[in-house]
Protein chains: 2
Amino acid sequence: MMKGYRVAIIGATGLVGDRFIESLEELKFPVRELVLYASSLSRGAIRKFQGKDIIVRELTRAFDPVVDLALFSAGSKISLEYSPLFAGKGAWVIDNSSAFRRDEDKALVVPEINFETIRSSPSRIIANPNCSTIQLVMVLAALRSLAPLKRIVVSTYQSVTGAGREGLEALHDQRRGGTLQGPFEFPILDNLVPKIGKFDDPIYSEGEDGYTTEELKLIKETQKILEQPDLKVTATAVRVPVSVGHSESVNVEFEEAVELDRVHEVLRTYPGLVVREPNSPNFPTPLEARGRYEVFVGRIRRDYSRENCLNMWIVADNLVKGAAGNAVQIALKLVKVGLL
Amino acid sequence: MMKGYRVAIIGATGLVGDRFIESLEELKFPVRELVLYASSLSRGAIRKFQGKDIIVRELTRAFDPVVDLALFSAGSKISLEYSPLFAGKGAWVIDNSSAFRRDEDKALVVPEINFETIRSSPSRIIANPNCSTIQLVMVLAALRSLAPLKRIVVSTYQSVTGAGREGLEALHDQRRGGTLQGPFEFPILDNLVPKIGKFDDPIYSEGEDGYTTEELKLIKETQKILEQPDLKVTATAVRVPVSVGHSESVNVEFEEAVELDRVHEVLRTYPGLVVREPNSPNFPTPLEARGRYEVFVGRIRRDYSRENCLNMWIVADNLVKGAAGNAVQIALKLVKVGLL
């Protein structure tokens, strides 16, 4: 039997916070004690874990940061302030915000791909990648075993839960005839919003004018995780009126020719991927991906407009593999390899 | 004053049929008499035109095909059977089905782009392009004045009205908690369906395995309208839970460098386009495009992953510019140039 660990969740009442709790249960992470933190607004809220009620505490400087594992999803500001305190007391921190993703001394981890980068990282803070990045790199990491990747063109179809509980509430309210705008600049019911994040975000932009934060994250995190800083990636990120599940239409160009049979084979055998053979009705949808830890890929076909190119359609649950599930998978692997 | 014309609408009770009537009114097409045809199921239905009730007739072989203009949107089978009868009696036929679009002797017309091809066509049957094609070629036709087009990568976000009244009813029923499937293979509420039409449709496929009818239409109709049969185009077509308005994420590669200022200028000055300058919140959405005859283009930016490439976002009302509106614009131009 593995021993149990003391785990803290910071941002416990958000959508990802809820999912952290579910993923700890579903993946049977050995928890000895679970401490839930949130802002003062959520103090006293109750969450169930393994059949027991846990009262949510307010995160303040007076907290006790001595845990073995801290899972953060409370925004970059909270991560920047509090995660070094947990890490300083010996905890492993897995942070779902974008605060540390681009830091050279922090590992940005999808466990199927680059878990080993944790060993060479000087920090005990591990960054969890952006939701839309994780599902893309899962497929790209498998594909690059066939031939070097040359260029990726991505268009995303991202659900409202990518914008947290406020995004979900806005969609639900609008469905009931309400006008709650939530985090979106335009109605999201019966509509699409081709802007996720800010335009020309100074943290990410580096002269790539006209892109949104989400698009730049997708580009730069993909390059970092695949350890190909010069990989050519371009992206258009779009919010769609779907509750859960992000989808991506992806055009992949290789440096060399690849065989479709081999494409299916490497995707089928890659851990964490579910591959759909071509044609009806065998393609993944966000409804199907709900609650799943796998990344689904289908509609794989040659792009006849250019040599060595494929089109495909990639779907995953943005709260599970795109966020909390990936983080708990990292934690489990830390246990498995003896780092935790 | 222009004289008035006898106009027939075939498929008068469908969504595009309704839109034909509205567009004849909105664009002030000079109608002397309007005859509405539909299947036996709709016989006796009533539609208002210019304040008067018109009773829908059943289209049978006993009908009187003597009109000046026949607007068809009743599916390919009806178009193949009946449009030659109307044309044979001297009518101009504008057909919204895919029956004639690939015929070499039929013009496939977006009036801003290639109206003149009607003059060289031996047929009085004019094909109206597919909805997703029209909004794409409007932008491409403007852009190619800057530099030759090399390759286009399109991902679509297509509304349920592209699947007709049944598509709309399915979405509405599902929003009310119902399970009406309509024309979709999976639920469309809270979901995406990356399949529009059939896989490997023998009419369109020509060995391009794995594509849907809609994707192949988009590719081949674009090539025909732009008169560039070798233009490289690849497409992924996706149904989204939006009532009205199709959107497209488009990557355009040119043969040569283009200046962004010039891109904006040629788009701004092209008839029928509304161009949005970059950045917040200046991007088009399907809600905004509803009921409009223009094609909206925004999020225009350099693609830093490859030389001479741009990304952009194109939106139009699929029932107006994508169908009925384009057809009535063609009819008006027939009048204007004296062909009708």
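Accessible areas here come from the Shrake-Rupley method with a 1.4 Å probe. On that basis, chain A of this predicted model exposes about 12600 Å², of which carbon and sulfur atoms supply 49%. The secondary structure of the chain comes to nine helices and 15 strands. Its C-alpha atoms fill a box of roughly 60 × 50 × 40 Å along the principal axes. For 340 residues, a compact globule would have a radius of gyration near 20 Å, and the 20 Å found for chain A therefore agrees with that expectation.

Of the 340 residues of chain A, 62% count as buried. Among contacts between residues at least 6 apart in sequence, 66% join residues at least 24 apart.

In the pairing with chain B, 61 residues of chain A are in contact with 61 residues of chain B. The size of an interface is often given as the accessible area lost when the parts come together. For these two chains the buried area is about 5100 Å², with 54% of it on carbon and sulfur atoms. On the chain A side, A:Asp190, A:Arg299 and A:Tyr304 lose the most area to chain B, and together they make up 13% of what that side buries.

B:Tyr211 counts as buried because its relative accessibility is 1%, under the 20% limit. Leaving aside neighbours within four places in sequence, its contacts in chain A are A:Arg299, A:Arg301, A:Arg302, A:Asp303, A:Tyr304 and A:Asn311. Within chain B, B:Tyr211 is in contact with B:Lys198, B:Phe199, B:Asp200, B:Leu216, B:Thr234 and B:Ala235.

An α-helix has 3.6 residues a turn, so residues three or four places apart point the same way.

Two loops of chain B hold residues with a positive phi. B:Asn308, in the loop between β14 and β15, has a phi near 60° although it is a residue other than glycine. B:Glu227 is likewise not a glycine and has a positive phi of about 55°. The loop that holds B:Glu227 runs between α6 (213–225) and β11 (232–236) of chain B. B:Glu227 counts as exposed because its relative accessibility is 58%, over the 50% limit.

Back in chain A, the loop between β2 (31–38) and β3 (46–49) contains A:Gly44 and also A:Ser42. With a relative accessible area of 43%, A:Gly44 is partly exposed, whereas A:Ser42 counts as buried at 16% relative accessibility. Beyond neighbours within four places in sequence, A:Gly44 is in contact with A:Ile55 and A:Val56. A:Ser42 touches A:Val56 and A:Thr13 when residues up to four places away in sequence are not counted. From C-alpha to C-alpha, A:Gly44 is 9.1 Å from A:Ile54, a residue 10 places away in sequence. The corresponding distance from A:Ser42 to A:Ile55, 13 residues apart in sequence, is 9.7 Å.

Another loop of chain A, between α3 (111–114) and β9 (125–127), holds A:Phe115. A:Phe115 is buried, with a relative accessible area of 2%. Apart from neighbours within four places in sequence, this phenylalanine is in contact with A:Val109, A:Val110, A:Ile330, A:Lys333, A:Leu334, A:Val337 and A:Leu339. The C-alpha atoms of A:Phe115 and A:Glu265, 150 residues apart along the chain, are separated by 23 Å.

Definitions and conventions
Residues numbered from 1 in each chain as written. Chains lettered and ligands numbered in written order. Predicted model: local features only at pLDDT ≥ 70, side-chain atom pairs only at ≥ 80, totals over all residues. Heavy atoms only, no water. Helix = DSSP H or I, 4+ residues; strand = E, 2+ residues; numbered from the N terminus. Rg over C-alpha atoms; globule rule 2.2 N^0.38 Å. Buried < 20%, exposed > 50% of the residue type's maximum accessible area, 1.4 Å probe, protein only. Contact = heavy atoms within 4.5 Å. Buried area = accessible area lost by both parts, 1.4 Å probe.
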